[in-house]
Amino acid sequence: MKLAKNPSEEETKIIKEIKLKTENLNKNNITRTKAYLDFYKMHPEIHWAFLAHMVSRNGGWSMTDLKGELLTRLLSKKEKSSFFSFLERGNWLIFQDAFPQLLLYEESLKRNEPLFRLLSHFNVSVFIETIWDYYWESSNSSMLTIGLIINEQNYIENRVIQNQNYIKDVFSTLEFEIQDFLSFNQILFPYNDYGVTKLAGQTVNQFQSLHERIQLGKRLYAILFDKEVLKKVEEWAVAHPHMGSRKDYWPHIFNDVHEGIPGLKYQIKFTSCKLKPGARRIYSPKLHNAWKNVKHPEAEAGEWFDDFKVLDYLTGIDEPSIGNIEYDYCQTLEKLELAAFAKKIISILD
């Protein structure tokens, strides 16, 4: 992409400030997730910011699962590190690509003129620059959201999903093949309904497929911005700062303090979406207790937009079933427990 010709002194200052702010907020999953929500509270017309906030929460939960009570028993130290690196790199890349776009939009509002010509200085795709220009004229929040979903999934395709290291260390492992044994296969949107925490969301299938990830993003958008769901999820998100622990939404099931006795063999304690009587809660650490901040190498250069067929994704969203995903998630938890229990037995037999 060609850079905007000779940015003025003021424009150069804007570019520098946006880069600095993005870098400061891109320290870890907690800072990114909060930044998306803070932006959305200021600019609720940018639906993608809230979708990104909620999906980023799920990314954080998956990161801490790797050091939580169940997956710790299933994965080797190297596997945990590889899975975390995969999740963290994707989370970091999307933020450093998307957040400057949001900040440039904010700057455009302040000046009452579109500044999207400056997007080329942030190495974003020409595709999304065109989408922002269209949004400025049309105020079409849905089109912008889908455009951002398409952009971000294409952006990480070669940088993460098709990265040979992740293919070898993550996608080729038995644990990823058996997705039911991992918590990657549900994206959860918690909300309170008459004092009860409910879970909306979708099950993830074929994560390696770019097409499936884009369609999943569109379905998640439709679920989250359903008028019956949105306000309740917003209220929940504001009332529960993201810490990375699954205690954030189910404190009756999870605790960020380990309640067990070290070395004690694992006991099955979760059934029918409830803890068994007298069972202790499942350990789910806060992110800052699970993983240190990562110093990332610069994002790989490259323009992904080379085929106009991608524009077909901008058309409507299939209506997903907005049903409660709690049952599916409970099934995943039960399978994880059984796998952890079985692994313990196998290790004893070995």
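**View 1. Helices H7 and H10 cross with a right-handed sense.** A crossing is called right-handed if the near helix is turned clockwise from the far one by less than a right angle, and left-handed if anticlockwise. The axes of H7 and H10 cross at roughly 145° and come within 10 Å, axes being lines fitted to C-alpha atoms, for helices over the stretch in contact, with angles running from 0 to 180 degrees between N-to-C directions. From H7, the contact (heavy atoms within 4.5 Å) takes in Ser141, Ser142, Thr145, Ile146, Ile149, Ile150, Gln153, Asn154, Ile156, Glu157 and Ile161, and from H10 it takes in Leu210, Arg213, Ile214, Gly217, Lys218 and Tyr221. By class, the contact of H7 with H10 comprises eight nonpolar, six polar and three charged residues, where Ala, Val, Leu, Ile, Met, Phe, Trp, Tyr, Cys and Pro count as nonpolar, Asp, Glu, Lys and Arg as charged, and the others, Gly among them, as polar. The model is predicted, so that local features need pLDDT of at least 70 and side-chain atom pairs count only at pLDDT 80 or more, whereas totals for chains, interfaces and linings use all residues. Residues are numbered from 1 along each chain as its sequence is written, and side-chain values use heavy atoms, with hydrogens and water left out.

**View 2. H1 packs against H5 at an angle of about 135°.** The axes of these two helices lie 9 Å apart, and H1 is therefore oblique to H5, given that angles under 35 degrees count as roughly parallel, over 145 as roughly antiparallel, 65 to 115 as roughly perpendicular and the rest as oblique. The crossing of H1 and H5 is right-handed. Residues Glu10, Ile14, Ile18, Lys21, Thr22 and Leu25 of H1 make the contact with Phe95, Gln96, Phe99, Pro100, Leu103, Leu104, Glu107 and Arg111 of H5. Eight nonpolar, two polar and four charged residues form this contact of H1 with H5.

**View 3. H5 also packs with helix H6 (residues 126-138), at about 30°.** Their axes are 12 Å apart, and the two helices H5 and H6 are therefore roughly parallel to each other. The crossing of H5 and H6 is right-handed. On the H5 side, Gln101, Leu102, Tyr105, Ser108 and Leu109 meet Ile128, Trp132, Tyr135 and Trp136 of H6. The contact of H5 with H6 has seven nonpolar and two polar residues, and no charged residues.

**View 4. The largest pocket holds about 900 Å³ of space.** On a 1 Å grid over the protein atoms alone, a pocket is an open set of points with protein on both sides within 12 Å along at least five of seven lines, a cavity is a set where a 1.4 Å probe fits but cannot get out, and lining residues have an atom within 4 Å of a point. Grid points are joined across faces, edges and corners, and a volume is the space filled by probe spheres set on the points. Of the 31 residues lining the largest pocket, Glu23, Trp92, Gln96, Glu298 and Ala299 lie nearest its centre. Helices H1 (9-25), H5 (77-111) and H7 (141-161) each supply at least two residues of this lining, with H1 giving the most, four residues. Helices (H or I, at least four residues) and strands (E, at least two) are DSSP runs, numbered from the N terminus.

**View 5. The largest cavity has a volume of about 710 Å³.** Val55, Ile94, Gln153, Ile187 and Phe207 lie nearest the centre of the largest cavity, which is lined by 31 residues. H3 gives the most to the lining of the largest cavity, with eight residues.
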